Amino acid sequence: HTRYWRDWSSDVCSSDLTLAARSPDARLRFQAGLTLARLTGPQTPAAIAEPLIALARQDHAHAWIAPAILSAHPDFLSRQLLPALATAEFAPQAESFLSKLVFTRAKSQPAADRPAQIDLVLGLGARPALLVALSKGLPASGDALAKADAAGKLSQVFAQAGETVNNPRQSLARRSEALALLAVAPLKVSRPILTACLSADRPPELQAEAIAQWGALGDKSLPFAIVRSWEALAPSARSKAIAQLLQRPDYLPPLLDAVGTKKIPASAFDAAQIQTLLKLKDPKLAAEARKVLADVLPPSRESVAAKFAACVDLPGDAARGQAVYQRACVICHRAAGQGAEVGPDLITVKNKGRPALLTAILDPNKEVAAQYMSFLVQTKSGESYLGVIAEDTATQLTLRMPGGVTKSILRADVKGSSSEGQSLMPEGLEGGLSPQDMSDLLTFIESLK
C-alpha cells in the first residue's frame, strides 16, 4: 500500500480513488479520504464528491478517517456532503459527524444561507446536538440564532419543548430531551422554564440537568435562582448546584453571601469544594470564604495527626474498612475493582506501611507525585475546572476530576492554567471518621490483592 501511494501521480485517476475508498483496509481508506479531501473545492466534481460521500457514510465514526474527510473544503462539506448525508435514517447514527458539518456550514457560509441551515436541522427532527452546533457556528452574539430564525420556526420548536419539559405526564427521557433543545433558545424563553425545573415537584434528574444547562449559559441570575430554590432541590441536585456555581467567578459572590446568611448551609460543601474556595486567587473572596465556612474548616494537620496517631497500632477490620473506602475514597481511587482512576490505585501503595499510609491520607499535600498535582484551568467563556492533567496535546487539554469525570478543553478556549503543586485530594477527608474507622481503612488497603 505504501508503494501504491508513493507511485500515485498528481493526476489521480477517479476510478482508483473510488476503489481505494472502498478498500477493506482502513489505512487505504484513510489515505483515499485524505487525498479526496485535498481535491475538493467550492465546486467539487462528482468524480471526487461521490466516493468521498460514500466514504463518509461508512466511516463517519472512524478515529482517523472521519477527521480526514472533515479536512475537505468548507464549501464541499457545507454544500455537497452535508445535504447528501442529512437524512432522517442517517442522522441518529451519525449525529456527532453531522454536528461538525452543521457547525462548518454555519461558520463558513454567508448570512443568506442561515434560513436554509435552520430548515436542514429542523428537517432532521431538531436534534439538540445539531441545534447546538448550528448556534456555535454563528457569530458570537446572544441573538445570532434568533436573527437567523427570521421566520420564527425555532420559536415554535422552543415553545413545544417548554410544554414538554413542564408536562409531568411525559417520560423523564422525553422531558430531558426537550430540555436539551432549550440550550440554544434565547434566555428570555429558556429562563422561566429552567427556573420552573428547580421546583420541588420536578424529578431530581431534571433539576440537575437544568442546573447544568443553565450554568453553561453563564447567566448571572443562576446563583440567585438556586438560593431561592435551595429547600426545593433534591440532595443530588444540591450537590450539582454547588459544583456548577464553583465553575464561574461571577457566581461566587452571591454563593458566599448565601452561605454567610445561612440560606445555604456550610455543610453543603464537601472537603474538596471547601479547599477550592479557600484557594481562590481573589484574596477578598478567599477571605470571605474562610469567614463563612469557619464552622466546617478542617482542623490543623498537626492536631489531626495527634488524634489518629494510635491508628497505626490499633487492630482493624478489612470488611469494615472497605465500607469506609466506599464512603470516603471511592470517587478518586480504585480498589478491589471499584472506584474512579483519578489518584493512584490503592493496591500500588498497600506496602508503604501504616505510618506512611496514614500520613498520605491526613496530610495529602505533604508529598505529591507530579502526575497527581492539581491544576486550575480557566476558559475564555469564564468557567473554571480543577483536576489532574490526563492528557496535554497541542490542540487540547484533558483534566480528570473527582468521580472519574474527564473534561477536554480546546487549547484555543483556554484562558490560563495554574498549579500550586498540591494534591487534588483535599485536607479534611478524615472528618466524620473515628480512629477505629481509620484503622479499618488502613487494614483494608493492606489486604488488597
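The legends below describe a set of close-up views of one predicted model.

Residues are numbered from 1 along each chain as its sequence is written. In this predicted model, local features need pLDDT of at least 70 and side-chain atom pairs count only at pLDDT 80 or more, while totals for chains, interfaces and linings use all residues; side-chain values use heavy atoms, without hydrogens or water.

**View 1. The whole chain.**
The chain has 23 helices and five strands. Both are DSSP runs numbered from the N terminus: helices are H or I with at least four residues, strands are E with at least two. The C-alpha trace spans about 80 × 55 × 40 Å along its principal axes. Of the 449 residues, 43% are buried. Buried means under 20% relative accessible area, exposed over 50%, and partly exposed in between, with a 1.4 Å probe and protein chains only. Among contacts between residues at least 6 apart in sequence, 62% join residues at least 24 apart. Contact means heavy atoms within 4.5 Å.

**View 2. Helix α3 against helix α4.**
α3 covers residues 26-38 and α4 covers residues 46-59. They pack at an angle of about 135°, with axes 10 Å apart. Axes are lines fitted to C-alpha atoms, for helices over the stretch in contact, and angles run from 0 to 180 degrees between N-to-C directions. The two helices are therefore oblique to each other. Angles under 35 degrees count as roughly parallel, over 145 as roughly antiparallel, 65 to 115 as roughly perpendicular and the rest as oblique. α3 passes α4 in a left-handed crossing, meaning that the near helix is turned anticlockwise from the far one by less than a right angle. From α3, Arg 29, Gly 33, Leu 36 and Ala 37 take part. They meet Ile 48, Pro 51, Leu 52, Leu 55, Gln 58 and Asp 59 in α4. By class, this contact has six nonpolar, two polar and two charged residues. Ala, Val, Leu, Ile, Met, Phe, Trp, Tyr, Cys and Pro count as nonpolar, Asp, Glu, Lys and Arg as charged, and the others, Gly among them, as polar.

**View 3. Helix α15 against helix α16.**
These helices pack at an angle of about 155°, with their axes 11 Å apart. That makes α15 roughly antiparallel to α16. Their crossing is left-handed. Leu 222, Pro 223 and Ile 226 of α15 touch Ala 241, Gln 244 and Leu 245 of α16. The contact residues divide into five nonpolar, one polar and no charged.

**View 4. Helix α17 and its cover.**
α17 runs over residues 252-260. Its buried residues are Leu 252, Pro 254, Leu 255, Leu 256, Ala 258 and Val 259. Their cover includes α15, α16, α18 (271-278) and α19 (283-292). Just after α17, Lys 262 takes a positive phi of about 70°.

**View 5. Nonpolar cores.**
A nonpolar core is a set of buried Ala, Val, Leu, Ile, Met, Phe, Trp, Tyr and Cys residues joined through side-chain atoms within 4.5 Å. The largest has 90 residues. Those with the most contacts inside it are Leu 81, Leu 85, Ile 264, Phe 269, Leu 277 and Leu 293. α4 gives the largest share of this core, six residues. A second, separate core of 20 residues includes Cys 311, Val 324, Val 349 and Leu 441.

**View 6. Gln 117 in helix α8.**
Gln 117 lies in α8 (residues 114-123). At 3% relative accessibility, Gln 117 is buried. Leaving aside neighbours within four places in sequence, Gln 117 contacts Arg 105, Ala 106, Gln 109, Pro 110, Leu 134 and Leu 138.
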